[in-house]
Amino acid sequence: GLIDEKFLEKFIKKNRKIIEFMSNTIDDFRNFFRIDKKKSKFFVKKAIEHVLSIQSAVLKNHNISLEIIGDDFEIDGFESEFKQVMLNLINNAKDALIEKQIANPKITIKLSKNKIEVIDNAKGIPKDIIDRVFEPYFTTKEQGKGTGMGLYMSKVIIETNMKGSLSAKNIKGGASFTIEFF
């Protein structure tokens, strides 16, 4: 008696979104090295909100609050690849918050003209590894839980494919990953 038509419609709609996103991810990997792919204009906040619609249940399940601050802006680039970068940055922040068992875990995404900051309150990245986080195959996750390719591929997407920059730094109480477009 808990499942009604409204619940099923919502469940199907949400899962279709996830399947579509996964299908687009497969296409993105297939097209990643193509030189004839086309850039298009898209709004950053709208793209981030699409990623969050897929991640919201996981964040909610771990009581992680997420806030987007600032005004939307438009860039010319590869929207699907940008979404993959944002998914990776949000997932990494989520994993750090869970692993360190942070009370009141929070991810903040700050938007300003041609700049995006993904900030967490997970106590930062150890100083001895912060300079290595973008290296291929470098991971802090236990065996079988990380490939060490996420941040490396994110940096390649932003810097090579979208002519921007991706950097990381520690801030008071956490870490900040900054994407800038030129």
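Predicted model: local features only at pLDDT ≥ 70, side-chain atom pairs only at ≥ 80, totals over all residues.
**Why these labels? A walk through the model**

Visitor: Why does Tyr137 count as exposed?

Guide: Because Tyr137 has 63% relative accessibility, and exposed means over 50% relative accessible area (buried is under 20%, partly exposed in between, using a 1.4 Å probe and protein chains only). Residues are numbered from 1 along each chain as its sequence is written, and side-chain values use heavy atoms, leaving out hydrogens and water.

Visitor: Where is Tyr137 found, and what is its phi?

Guide: Tyr137 sits in the loop between β5 and α4. Its phi is near 70 degrees, a positive value in a residue other than glycine. As for the labels, helices (H or I, at least four residues) and strands (E, at least two) are DSSP runs, numbered from the N terminus.

Visitor: Which residues is Lys94 in contact with, leaving aside its neighbours within four places in sequence?

Guide: They are Val58, Leu59, Ile64 and Ile107, where contact means heavy atoms within 4.5 Å. Leu66 is 28 residues from Lys94 in sequence, and their C-alpha atoms are 10.0 Å apart in space.

Visitor: Why are α2 and α3 called oblique to each other?

Guide: Helix α2 (residues 44–61) and α3 pack at an angle of about 40 degrees, with their axes 9 Å apart. Axes are lines fitted to C-alpha atoms, for helices over the stretch in contact, and angles run from 0 to 180 degrees between N-to-C directions. Angles under 35 degrees count as roughly parallel, over 145 as roughly antiparallel, 65 to 115 as roughly perpendicular and the rest as oblique. About 40 degrees belongs to the rest, so α2 and α3 are oblique.

Visitor: What meets what where α2 packs on α3?

Guide: Among the α2 residues are Val44, Ala47, Ile48 and Val51, and the α3 side includes Phe82, Met86, Ile90 and Lys94. By class, the contact of α2 with α3 has 11 nonpolar, 3 polar and 3 charged residues. Nonpolar covers Ala, Val, Leu, Ile, Met, Phe, Trp, Tyr, Cys and Pro, charged covers Asp, Glu, Lys and Arg, and the others, Gly among them, are polar.

Visitor: Is the crossing of α3 and α4 left-handed or right-handed?

Guide: Left-handed, which means that the near helix is turned anticlockwise from the far one by less than a right angle; clockwise would be right-handed. The crossing of α2 and α3 is right-handed. Helices α3 (residues 79–99) and α4 (residues 150–161) pack at about 145 degrees, their axes 9 Å apart.

Visitor: How many helices and strands does the chain have?

Guide: There are 4 helices and 7 strands, running α-β-α-β-β-α-β-β-α-β-β from the N terminus on. Of the 182 residues, 37% count as buried.
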